[in-house]
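Morning, everyone. I have one structure to walk through today. Please bring it up on your screens.

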Amino acid sequence: MVEADPRDARTPPVAVWQVLERMSKEELLEWRLAEPSNRASVEERRLDIGYPFGWYAAMLSSELQTGEVKPLRYFSTDLAIWRGEDGQVRMMEAYCKHLGAHLGHGGKVAGNLLECPFHAWRYDGEEGVVKEIPYSPSIPPQVKRKCMRTWHVAEANQVIWFWYHPEDIAPLYDVKHIPETSDPAWTPYDEASWTVWGSLQNMAENGVDFAHFKFIHGTASMPEAELGWGEWDRTGIVRAKMGTPRGEVDGTITSISNGPGQAWVRFTGICETLLIACVTPVEPDRMHVRYFYTQPREQAEGPMAGLARAIIKDVNKQLDQDKVVWDRQQYQPNPVICQGDGPIAQFRRFYARYYAEGDGVPKSMVAA
C-alpha cells in the first residue's frame with residue numbers, strides 16, 4: 001500500500017482542513033471572528049438578494065439586565081435594545097429624531113422608556129413615539145405619532161428573539177420553546193461564536209447539500225436524510241454509524257428550523273446533545289453566528305464527560321470547515337445541479353416563502 005504524500009494537496013486531509021490545522025487554539029478563536037482581507041464585494045458575490053424574514057436571535061436573556069440599554073446592528077440597521085423596569089425587553093431603531101444621537105450609546109432606561117443621551121427625549125419602545133421632553137412644555141406633533149420603527153420581541157430558550165420583516169408586518173408564526181433549555185437536569189450553555197462573511201441563503205442550503213459532507217468534512221460516505229417540510233418549519237433526520245472508543249454506535253441527528261433564524265439540533269446515540277443555533281444577519285455579507293450547547297448533567301459531568309466535550313468540539317470543527325468556503329462563496333441564482341446533489345432545488349422553492357418583495361429582493365427569490 002502506498003502512503004499518501006503529506007505535501008500533495010490532493011490527498012487527505014481535505015483542502016479546508018489544511019487551512020485550519022496550522023492554527024493554534026488562540027489563532028483559531030481569532031480567525032472565527034476576523035474579517036477576511038481578500039473577499040470580493042457583495043455585488044461580485046451576488047449577495048444583494050435581501051434578507052429572509054423571521055425570528056432571529058439578538059442576544060442571551062442574561063446579557064440584558066433590568067434597566068440596561070445596549071446598541072446592536074442587525075439587518076443593516078443600527079438598533080437600541082433595553083429591558084424596562086417591568087422586566088420586558090424592547091427594541092427600536094437607534095437614532096433620535098431630534099438631532100440624531102444614537103440611543104444605544106449613553107442612553108438610559110427611565111421606567112420603561114428609553115432616554116436619549118443628548119437631550120433626554122424619552123421614547124416608548126412599543127408605540128415608537130416620544131412620550132416626554134423634560135425641558136419643553138409641548139411635544140412636536142411629528143413625534144407624538146409613531147416616528148420610530150419598533151420590533152416585536154420574545155424571550156425563549158434563554159435567548160431574546162426579535163421579528164424581522166422588510167415591510168414591518170406582525171409575526172406570521174411564533175418562536176418555539178425547547179424544554180431542555182429550562183430543565184435543571186441539563187447543563188448551562190456552552191457557547192461558540194463566529195462571524196461568517198457570507199449570506200444566510202448559502203448557509204441554509206448547506207443543510208441539504210449532502211455531497212459536501214465527504215469533500216468538506218471527510219465522511220466516508222454521503223449521508224441520507226429524511227426531510228420534512230411544514231408551513232414555516234422544516235426537519236431533517238440523519239441516521240448514521242458513529243465511531244466511538246467503544247466501537248460503532250447507531251446515532252441520530254435531528255435538525256429543526258423554525259423559519260430561517262431559529263434552529264436547533266439534537267444529537268443522540270453517543271451523548272445526548274442539544275444545539276441552539278443562532279444565525280443573525282448583520283449585513284448582506286456578514287452573519288453573526290452563536291452556537292449554544294446543553295447536555296444532560298449525568299452525562300456531561302459523569303464518566304462520559306470527555307466524550308460529551310468531544311461532540312461539541314467536533315460540531316464546532318465542522319462549522320470551521322464550512323466557514324472556509326462560506327467566507328468567499330458566491331450566490332448562484334441558477335446553479336448547475338447534477339445527480340448525487342441533495343434536494344437543493346426543492347429547498348430553494350421552500351425557502352422562497354421567507355422572502356418578501358422588499359429590501360431589493362429579486363422576484364425570483366419570492367415564492368409565487
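Let's start with one pairing. Ala 156 has Val 159 in β11 as its bridge partner. Keep in mind that this is a predicted model.

Now the strands around that pair. β10 and strand β11, residues 159-164, run antiparallel, and 4 bridges join them. They belong to an open sheet of 3 strands, ordered β1-β11-β10, with antiparallel pairing. Which strands are at the edges? β1, 54-60, and β10, 153-156; each pairs on one side only. On average, neighbouring strands here are turned by 35° against each other, direction ignored.

Next, the nonpolar cores. The largest one has 71 residues. Ile 81, Phe 162, Val 289 and Tyr 291 have the most contacts inside it. Strand β17, residues 273-283, gives the most to this core: 7 residues.

Beyond four places in sequence, its contacts include Ala 58, Met 59, Val 89, Met 91 and Ile 160. Charged residues are on that list as well, including Glu 68, Lys 70 and Arg 90.

Last stop, Arg 234. You will find it in strand β14, residues 233-244. Is Arg 234 buried or exposed? Arg 234 is buried, yet it has no salt bridge. The nearest side chain of opposite charge is Asp 233, 8.9 Å away. A salt bridge needs the charged atoms within 4 Å. So what does Arg 234 touch, leaving out residues up to four places away in sequence? Its contacts include Trp 229, Phe 347, Phe 350, Tyr 351 and Tyr 354. Ser 255 and Ser 257 are also among them.

Conventions:
Residues are numbered from 1 along each chain as its sequence is written. This is a predicted model: local features need pLDDT of at least 70, side-chain atom pairs count only at pLDDT 80 or more; totals for chains, interfaces and linings use all residues. Side-chain values use heavy atoms; hydrogens and water are left out. A nonpolar core is a set of buried Ala, Val, Leu, Ile, Met, Phe, Trp, Tyr and Cys residues joined through side-chain atoms within 4.5 Å. Buried means under 20% relative accessible area, exposed over 50%, partly exposed in between (1.4 Å probe, protein chains only). Helices (H or I, at least four residues) and strands (E, at least two) are DSSP runs, numbered from the N terminus. Contact means heavy atoms within 4.5 Å. Two strands pair if DSSP finds at least two bridges between them. Axes are lines fitted to C-alpha atoms, for helices over the stretch in contact, and angles run from 0 to 180 degrees between N-to-C directions.
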